[in-house]
Every structure is written in structure tokens, then in C-alpha cells.
Amino acid sequence: MAEVRSDGNESEKATQNIELVDKEQAQKPTDEKTNTSTTPKETKTKIDVLLKAAGDAPIMKKKKWAVDANKTVAYLVEFIRKYIKCAASDSLFLYVNQCFVPYPDQPIQNLYECFGADGKLVLYYCKTQAWG
């Protein structure tokens, strides 16, 4: 049997409920005719990822992709492998801003929040180690 206690936190709970409702309303798409605000940056469900080839990697015909925010770097690496028809024995390196290799279990949303610029996340891929 659950016991309910009243610590005077009802106002905090009501405030939290109001914030949740406001966030849900903010995530709804808006009409261009009404000129209301669009979805905030942190609640994006799709992240624009710009994939650039480096070194000896084949260049993709389509470079800009919309990726689900909750997908991981490992998912993106597998997608690139399939797209450029990379053999299983070939290695593939992915770099953020020509600087470092992100962890495979890192969500794309976190990378976008930290390293995204101009509304997109720029990632470089290559078959041989290039940076870092």
C-alpha cells in the first residue's frame, strides 16, 4: 500500500506539470501563416548531419542527412559503411570537426549540443586514421 505525504511541495509539482505541458506545446509544429515560434534547438527530433570525406574515403553524392537525435555514433558509422560499400575488413574512422573520434555509444544529440554550428553537425569520415 502506498503512503502519500504532503510536504507542501504541491506548488512545485504543479509548476513541473505546467512546464511539461508547455514543452509538449513547444514541440508541436507551427503554421507559417501564424508566425509563431518553431521548435527549440534542444528538442529537435532530427539532427542535420553534414558528412564530409577525408583522406582516401569515397565521396558521398548526398552529404547532408537528417538523423534521429537518439541514434548513436555506431549507427551512423554502420550507415556510412553501407552507403559507401565499405568491406567488413576495412576500417572506417569518424571525426568531429577534424579533431577527435567520438565514442560509438555517444548519442548524436549530445554531439550536436556540444559541437553543432549553424544548425548542423559536421562529421568527417575516412578509411585511414587522419586526426587524433
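In this report a residue counts as buried under 20% relative accessible area, as exposed over 50%, and as partly exposed in between, with a 1.4 Å probe and protein chains only. The structure is a predicted model, in which local features need pLDDT of at least 70 and side-chain atom pairs count only at pLDDT 80 or more, while totals for chains, interfaces and linings use all residues. Residues are numbered from 1 along each chain as its sequence is written, and side-chain values use heavy atoms, with hydrogens and water left out.

## Overall architecture

Helices (H or I, at least four residues) and strands (E, at least two) are taken as DSSP runs and numbered from the N terminus. On that basis the chain has three helices and four strands, arranged along the sequence in the pattern α-β-β-α-β-α-β. Of its 132 residues, 24% count as buried. The accessible surface, from the Shrake-Rupley method with a 1.4 Å probe, comes to about 9600 Å², and 51% of this area belongs to carbon and sulfur atoms. With a contact defined as heavy atoms within 4.5 Å, 61% of the contacts between residues at least 6 apart in sequence join residues at least 24 apart.

## The nonpolar core

A nonpolar core is a set of buried Ala, Val, Leu, Ile, Met, Phe, Trp, Tyr and Cys residues joined through side-chain atoms within 4.5 Å. In soluble globular proteins, nonpolar side chains tend to be buried together. The largest such core here holds 29 residues, of which L51, L76, I80 and Y125 touch the most other members. Two or more residues come from each of β1 (46-53), β2 (64-68), α2 (73-83), β3 (93-96), α3 (108-115) and β4 (121-126), and β4 gives the most, with six residues.

In α2 the buried residues are V73, L76, V77, I80 and R81. Seen down the axis of α2, they fall within an arc of 140°, so they line one face of the helix; the arc is that of the directions from the helix axis to the C-beta atoms. These residues pack against β1, β2, β3, α3 and β4.

In α3 the buried set consists of I108, Q109, L111 and Y112. Their arc, viewed down the axis of α3, is 165°, so they too line one face of their helix, and they pack against β1, β2, α2, β3 and β4. An α-helix has 3.6 residues a turn, so residues three or four places apart point the same way.

Within α2, R81 counts as buried because its relative accessibility is 16%. Beyond residues up to four places away in sequence, R81 touches C86, A87, A88, D90, S91 and L92.

## Aromatic rings and charges

Rings of Phe, Tyr and Trp (its six-membered ring) pair if their centres lie within 6.5 Å. There are four aromatic pairs by this rule, and W65, F79 and Y83 form one aromatic cluster. A charge sits over a ring if NZ of Lys or CZ of Arg is within 6 Å of the ring centre and within 35 degrees of the ring normal.

| Charge | Ring | Distance from ring centre |
|---|---|---|
| K62 | W65 | 4.4 Å |
| K71 | Y75 | 4.6 Å |

## Positive phi angles and a strand contact

Both N97 and Q98 lie in the loop between β3 and α3. N97 has a positive phi of about 55° although it is not a glycine, and Q98 likewise has a positive phi of about 55° without being a glycine. N97 counts as partly exposed because its relative accessibility is 36%, and Q98 is also partly exposed, with a relative accessible area of 40%. Just after α2, K85 takes a positive phi of about 55°.

D48, in strand β1, is partly exposed at 25% relative accessibility. The C-alpha atoms of D48 and G119 are separated by 7.0 Å, although these residues are 71 residues apart along the chain. Apart from neighbours within four places in sequence, D48 is in contact with K64, W65, A66, G119, K120 and L121.

Terms used: Rings of Phe, Tyr and Trp (its six-membered ring) pair if their centres lie within 6.5 Å; planes under 30 degrees apart count as stacked, over 60 as edge-to-face and the rest as tilted.
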